[in-house]
Amino acid sequence: MTFPILLTTVSAVTVARSAARLPGYRSGVAQDQDGPVTETTGGHPTDLSVGSFSDTAPWLVEPDRLRWLTGLDRVRARTRAEVPLLTRRQRIPPLGRLLATIRHLGLPLATWAVRERRAGQAASRAGLSRRLRAAAETLGPTYIKLGQIISAGEGLFPEELVGEFKHLRDRVPAEPWDVVERVVVEELGRPIDEVFASFDRTPLAAASIAQVHRATLRDAADGVPGAEVVVKVQRPQVASLVRRDLQVMSWIAPTLVGRIPVASLANPPALVELFADTISEELDFRLEAENMLDLARVLADLGQRHFVVPRPHPTLITRRVLVMERLSGFAFDDVVGMKDAGLDTEAVVRGGMIGFLEGAMLHGIFHGDLHGGNLFVMADGRTALLDHGITGRLDEVRRLAFLRLLMGAVTNDVRSQLDALVDLGALPPDTDLDAVIRDLRLDQAPVDPITMTGDELVNELRTVVKALLGYGARMPKELMLFIKNMVFLDGAIASLAPDLDLFAEIGEVANHFALTHGERLTADIGLDPREVQVDLAGMKASMGIPAETEGLTYRDLQERREIIRKRLAGRERRGRRRG
């Protein structure tokens, strides 16, 4: 059994082969229904040179003239510097919030232990997940946000927990209108009707940190009059509540280390640090707007126009209010709707994959919270990328480690992958990699998992987890965000492109990176991908797939997974009967 991180990534990458089929620019004039036209070049808004935005601009993004950008580097640095203080285990945490947390979590856990713990693993997990979701709803914004992040981690967390926490995406009560109005007026310094011609009092969506409303602009000074916008409004008092909750979480997390194998591998203190990192930046919408600009710029630099980022407003952005261009399209899982409109769903997922990988591997920046609620497909086939509060930012060392991890995966170079995992922080710096290869049998021919019994599968998993824990393995935050996104994109392939030949696509993505970025990759890691052969035979072996297998569609892969799931479930049933 090998490290699955990049093997899963590469096997899921269905990109590049149809670069010519990817949705490109449609010609259009940036104007509103009353006729004013923003500055264009060749029929396109001029700000497309600084970001991957829509072709019709309600205003132009001119970074040098955005006053809310001034001093944000200091704000971001100050926010990051606060994270270690919030996540340092204090001798005495906020007692009131700690007691409330213990009360709302302790009672459900005690009830579960008495009623459902011995009901079989599936029933036990379902009962515990249901009670944890109810506790998160009671405890409020911080725990709801944590649950929403977990809900996007299919494959990383138990499916029962993911399924329950998905309900937290759309079950957050909205703030009353008078509260929303007060925040907007305080932040913008003007009555709402002076800025907006209309402002829908019913939110489009209500999340843990904020809620979003549909509105239209009134004054030409704020953009094209009548331009449709989305207004994101932060919940009042959420910042102080989040800080108290982080202090409580940081006090509890170290007590979980080593008590539960999965929790140990995930590294609870690092999870809290990841959560603190992401949610702290989400509390200042100016940082989110800057994330939008940075990601849009990276996509434009790459010539990657498959993704579209909404334009943040030039002036209507503060710490608690964010006004942005409103985009529309198909829900990301609306396969029928997209196909009825003549869209190529395979091209949609291809473009999404390559845009995500290129941003992370070449620029060290990527959207950190991909899920169906943050994406939709526009009428021209491009994907609108929403909600940039969580954005992955890799320093140069870790960016290069990701590159080496990818190259090691496509060439089946196990040692290179392990070296990269050390640089990413997944293994301690002094790890004996030869011992890891020996203990995990990475130098031996893998066994096809579908030929193993349920008992053999469980024993294999236990052996791997025990060995990893013995070496001090953990899941660093950047890697967790990356894998969480790959898990989502893995599911997107299942619905949008289930019949693609994954082996053929692996070769095509390697070819794309070699032809498009060969010189850059050679300079970065000293390995010219144009001279590297994809080791499909080794990759098949690492996945336990017979060498004579010529093609593997995602549908085939799902069938293999279902066989493994049934065998594990059968083992669980036999265990209950013996018990």
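Glu-194 is partly exposed, with a relative accessible area of 44%. Here buried means under 20% relative accessible area, exposed over 50% and partly exposed in between, with a 1.4 Å probe and protein chains only. The residue Glu-194 sits in helix α8. Helices are DSSP runs of H or I with at least four residues, numbered from the N terminus.

This is a predicted model, in which local features need pLDDT of at least 70 and side-chain atom pairs count only at pLDDT 80 or more, while totals for chains, interfaces and linings use all residues. Residues are numbered from 1 along each chain as its sequence is written, and side-chain values use heavy atoms, without hydrogens and water.

Glu-194 also belongs to a surface patch of negative charge, together with Asp-178, Glu-181 and Asp-193. Patch residues have over 30% relative accessible area and no salt bridge, and like charges are joined within 9 Å. Asp and Glu count as negative. Each charge is placed at CG of Asp or CD of Glu. Areas come from the Shrake-Rupley method with a 1.4 Å probe. Helices α7 (177-188) and α8 (192-195) each supply at least two residues of the patch.

Salt bridges come next. The whole structure holds 34 of them. The criterion is a side-chain nitrogen of Lys or Arg within 4 Å of a carboxyl oxygen of Asp or Glu.

| Pair | Closest N and O atoms |
|---|---|
| Glu-281 and Arg-80 | 3.5 Å |
| Glu-137 and Arg-133 | 3.5 Å |
| Arg-399 and Asp-524 | 3.1 Å |

Arg-399 forms a salt bridge with Asp-524. This pair links distant parts of the chain, with Arg-399 in helix α15 (residues 396-410) and Asp-524 in helix α20 (residues 502-525), 125 residues apart. Arg-399 is buried at 3%; Asp-524 is partly exposed at 22%. Shared partners join Arg-76, Arg-80, Glu-281 and Glu-290 into one salt-bridge network.

Glu-137 and Arg-133 lie four residues apart in helix α4 (residues 121-139), so about one helical turn separates them. Glu-137 is partly exposed at 31%, whereas Arg-133 is buried at 13%.

The largest nonpolar core has 137 residues, and Val-184, Phe-196, Val-231, Leu-418 and Phe-482 touch the most other members. Helix α19 (residues 477-496) gives the most to this core, with eleven residues. Another core, of six residues, lies apart from it and includes Val-308 and Phe-376. Such a core joins buried Ala, Val, Leu, Ile, Met, Phe, Trp, Tyr and Cys residues through side-chain atoms within 4.5 Å.

Technical notes:
Patches are made of residues with over 30% relative accessible area and no salt bridge: like charges are joined within 9 Å, nonpolar side chains (Val, Leu, Ile, Met, Phe, Trp, Tyr) within 5 Å.
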